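Reader: Can you take me through this one? I'd like to talk about pockets and helix packing.
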Amino acid sequence: MKPPLRLDEPLPVLTPREIHARLSQYVIGQEPAKRALAVAAYSHVKRVALRRASREVALQKSNVLLIGPTGCGKTHLARHLARVLEVPFHVADATEFTEAGYYGKDVETMIGELLLRASHSIEEAQRGIVFVDEVDKIARRSQPARGGAGQRDIGGEGVQQALLKLLEGREVHVPLGLGGPQWARRDTVPVDTTDILFVCAGTFSDLFSYGGDGRSLGFGAARPGAAAPRRRIRPRDLVEYGMLAEFLGRLPVVVQLDELGPEALLEVLTGPPDAVLRQMRALLAADGVELDVTDGALRELVAFARERGAGARGLRAVVEEVLAELLFEAPERSGTRVLLDAPWVRARLEAIGPGIVAADGPERLAGG
């Protein structure tokens, strides 16, 4: 990691358009989310720069809540945002934490893990980004009254309450050594979370299931088979889901992400510098194997991934499954060229694909 910045050293400030352009190199689609994150990140960096210049600043943190189905790019967005801003980044799973005093992780440990990512530089950690995934899993489990607190919930409502101080910004004592539930007995250091940007994310699948089924009637009705219009999730929906109003109030930027369509998934598979197909080609090239894939084969992979319902995250699993035999034999096939076509990929996904068949020219993986 680069050396920490001095207090008197100005921070580089990218414009929202520049941040958006850099995110677009790695993140396909999700334009509203990229624009919202670009603005939030721009405000975050400016706020840190103003505070370091010892200026009076009234800017509040623009913590972000990302809502979208699995595999739509929530974690991918936050990770590349941290790379663009060149700040420490840590991914935390909300389901790992419990209310203070119970067996399990206290929420302060996520700041300790961010400090670890910053090579124990408090200055670097205090301008980092924490991505809290699965926040929908810490909703209240029981709420007999609409505005009531319900029964004591150490893994849901209790965690939301514990996160309030971190999201708003407060000096907390975090452990220097992590590992094991008795971290509170270890040496601690104070870390101010005022300038730490929190990006929370969750699927909130029950809310997305109410998006409509496309059976509208009359003028302007959707055509048969067309996708139903996206339903805008309101703060009231999230409160009824089980999220505390105080928790949502500390996440002023709420962004809904869409499920990726077939064309977007096709671009995810081949377009970005870290695309899974590029990685597989580089992996095979290290063994001297050249891999070519037809457009039809790519579309078969995308169609199967969509059937699994795992979005972009499921693409890697599908590609690994299809190329498992080739990856196993790659060291023994140095100097060869392999072509994947649609029939072979389809057969492979149906678990009846034959082995590699020699052919004139490149070695061809065909379905018959």
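Predicted model: local features only at pLDDT ≥ 70, side-chain atom pairs only at ≥ 80, totals over all residues.

Reader: How much space lies in the largest pocket?
Author: About 680 Å³.

Reader: Which residues are closest to its centre?
Author: Gly73, His76, Val268, Ala312 and Arg313 are the closest, out of 29 residues that line the largest pocket.

Reader: And which elements give two or more residues to the lining?
Author: Helix H3 (74-85), H11 and helix H13 (311-329) do. H3 gives the most, with six residues.

Reader: How does the lining divide by class?
Author: The lining of the largest pocket has eleven nonpolar, ten polar and eight charged residues.

Reader: Where does the pocket lie relative to the domains?
Author: It lies between domain 1 (16-141 + 155-178 + 186-209 + 232-256) and domain 2 (262-352), because both give residues to its lining.

Reader: Switching to helices. At what angle do H10 and H11 cross?
Author: At roughly 30°, with the axes of H10 (residues 262-270) and H11 (residues 276-285) coming within 4 Å. That angle makes H10 roughly parallel to H11.

Reader: Which residues make the contact?
Author: On H10 they are Val268, Leu269 and Thr270, and on H11 they are Val276, Leu277 and Arg278.

Reader: What classes are those?
Author: Four are nonpolar, one is polar and one is charged.

Methods. Residues numbered from 1 in each chain as written. Heavy atoms only, no water. Axes fitted to C-alpha atoms, helices over the stretch in contact; angles between N-to-C directions. Parallel < 35°, antiparallel > 145°, perpendicular 65-115°, else oblique. Contact = heavy atoms within 4.5 Å. Nonpolar A, V, L, I, M, F, W, Y, C, P; charged D, E, K, R; others polar. 1 Å grid on protein atoms, 1.4 Å probe; cavity = no way out; pocket = protein on both sides within 12 Å on 5 of 7 lines; lining within 4 Å. Points joined across faces, edges and corners; volume = space filled by probe spheres on them. Domains from an automatic or database assignment.
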